[in-house]
Amino acid sequence: MGIVAKGATCSIDGCDNVGARSLNVVKVESAGLRVSTSGKRAVLCREHYREYKKESKGDRDLERARWD
């Protein structure tokens, strides 16, 4: 059972929504979001996950291109 299934809240500063996804803290911070956790994983709510996807689209496209 993962941390999202256990009912973790969003790790972004000032947000207390229910978490939807768990991502690497370094990737979330590189997308410009401020994380309030000191662990390896950051839990993001639905709204912040959408924001993360928009901000990291270029990086993800480059990452995919390396494998093709």
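**View 1. Arg21, Arg46, Arg50, Lys53 and Lys54 form a patch of positive charge on the surface.** This is a predicted model, in which local features need pLDDT of at least 70 and side-chain atom pairs count only at pLDDT 80 or more, while totals for chains, interfaces and linings use all residues. Residues are numbered from 1 along each chain as its sequence is written, and side-chain values use heavy atoms, with hydrogens and water left out. A patch takes residues with over 30% relative accessible area and no salt bridge, and joins like charges within 9 Å. Accessible areas come from the Shrake-Rupley method with a 1.4 Å probe, and for residues only the protein chains shown count as cover. Lys and Arg count as positive. The charge is placed at NZ of Lys and CZ of Arg.

**View 2. Helix α2 gives the most to the positive patch.** This helix spans residues 46-55 and supplies four residues. Arg50 has its place in helix α2. Helices here are DSSP runs (H or I, at least four residues), numbered from the N terminus.

**View 3. Lys57 and Asp61 meet in a salt bridge.** A salt bridge needs a side-chain nitrogen of Lys or Arg within 4 Å of a carboxyl oxygen of Asp or Glu. By this rule there are four salt bridges. For Lys57 and Asp61, the closest N and O atoms are 4.0 Å apart. The two residues are about one helical turn apart, because they stand four residues apart in helix α3 (residues 57-67). Lys57 is partly exposed, at 48% relative accessibility. Asp61 is partly exposed too, with a relative accessible area of 34%. The terms run as follows: buried is under 20% relative accessible area, exposed is over 50%, and partly exposed lies in between (1.4 Å probe, protein chains only).

**View 4. Asp61 also forms a salt bridge with Arg64.** Their closest N and O atoms lie 2.5 Å apart. Both residues sit in helix α3, three residues apart, or about one turn of the helix. Arg64 is partly exposed, at 46% relative accessibility. A network of salt bridges links Lys57, Asp61 and Arg64.

**View 5. Glu63 and Arg66 pair through their side chains in a salt bridge.** The N to O distance is 3.5 Å. Helix α3 holds both residues, three residues apart, about one turn of the helix. Glu63 is partly exposed, with a relative accessible area of 37%. Arg66 is exposed, at 63%.

Key:
Patches are made of residues with over 30% relative accessible area and no salt bridge: like charges are joined within 9 Å, nonpolar side chains (Val, Leu, Ile, Met, Phe, Trp, Tyr) within 5 Å.
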